[in-house]
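This report describes the strand pairing and helix packing of a single structure. The sequence and model are shown first, and the description follows.

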Amino acid sequence: MTNNIDSYEKKYPEKWVVMQNTITQAFREMTIDEKRLIILASPIVRLNEATEQTAIEILASEFSKFSDIDEKSAYKQMKAASKKLMKRTFIYNDKNEAETEVQWIIRSRYQDGYVTTFFTDEVIQLLKIFDSLNPYTKYLKEDILSLRLTYSIDLYHLAKKYQGMGSFTMSLDEYRKELGTPKSYKRINNLKDNAVDPPIKEINDKTDIDISYENIKRGKEVVGLKFTVKAKPRPKIKDVQQNTAAQITVADLKDKQIEALVCTEAFKADYNDMISPTSAINTDYTLWKPEMSKRLKANPQLFTKRSIQFYLSQIGDYKNKS
């Protein structure tokens, strides 16, 4: 793990969940409610300079909204999940390659309406440090939390990790290990019936991506799966400026305006999926600005989610924060 915290990465809006890929591997065998707690905590940790002394409050009302249950049940489930997390540990190799075991949570408080957790430094780093040494995956909070099946969350993480490549291949043993499936899933029918087909259907029905797969065979034996991941078309976001008679185009802007425009949080939220999560461009602000400025000027037809006027209106906020 690194102590380098890139302030650029803190600018992902609250609606985005951003996690190091390492954390999804540590998710194995957690209950869906434990995973939901960590997912809900992710933006809070990232945007609030959290340390081990920082109280991370997860509201029952928010847990209820995303989990589609009443608030009283949400609080009980959150409390139970937090107690389980208190007993969980994970292992990583430190900078000296020493195997190190740490807790997820060092302290929890339970009060009507919310649960307060205190994460260890190692977990905090997993939730807020993103660079070439710490590859990460990002997705919208409502997409991941709309899922009800434990394996749906795990497969969604995997698919988002490889979305930029369009597909990924795993042996059956690798897939079982990645999802932490029980021994009974050694039989391929059990695996597909519980940890492949239902999660894919739920992901395709509820999220921003479509997943399909095909068997990889050695002779007649199925030895692996090849997954194809495609983004669903996003509806264009309309804003009031699009109704104006004269529309400003990229050609009307000066270079300084374009550079400021591509650095607004709205522009980054709309178009950061154009860059692979593991690319240095997506982890270094000084690379993002020239690269996206160049792309915008060369191919303005690819940037139509909002009007140019909308992004120009956000420049003031960007300058005040930079």
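Which residue of β6 does Gln 111 stand opposite? The model is predicted, and in it Gln 111 faces Tyr 114. The strands concerned, β5 and β6 (residues 114–119), run antiparallel and are joined by six bridges.

**The three-stranded sheet**

These two strands belong to an open sheet with the order β2-β6-β5 and antiparallel pairing. The edge positions are taken by β2 (56–59) and β5 (105–111); each has a single partner strand, so one side of each lacks a neighbour in the sheet. On average, neighbouring strands of this sheet are turned by 20 degrees against each other, direction ignored.

Helix α3 (residues 60–67) packs on the sheet, where it touches β2 and β6. Helix α4 (residues 71–87) lies across β2, β5 and β6. The directions of the helices are listed below.

| Helix | Strands touched or crossed | Angle |
|---|---|---|
| α3 | β2 and β6 | about 50 degrees with β2 |

Strand β1 (residues 16–20) is joined to β7 by five bridges, and the two run antiparallel. Within this pair, Met 19 stands opposite Thr 137.

Why is β7 (residues 136–140) described as largely enclosed by the rest of the structure? Five of its five residues are buried, so the strand is largely enclosed. Both of its faces are covered: Tyr 136, Lys 138 and Leu 140 are buried on one side, and Thr 137 and Tyr 139 on the other. In a regular strand, side chains alternate between the two faces of the sheet.

Technical notes. Residues numbered from 1 in each chain as written. Predicted model: local features only at pLDDT ≥ 70, side-chain atom pairs only at ≥ 80, totals over all residues. Heavy atoms only, no water. Pairing = 2+ DSSP bridges. Helix = DSSP H or I, 4+ residues; strand = E, 2+ residues; numbered from the N terminus. Axes fitted to C-alpha atoms, helices over the stretch in contact; angles between N-to-C directions. Contact = heavy atoms within 4.5 Å. Buried < 20%, exposed > 50% of the residue type's maximum accessible area, 1.4 Å probe, protein only.
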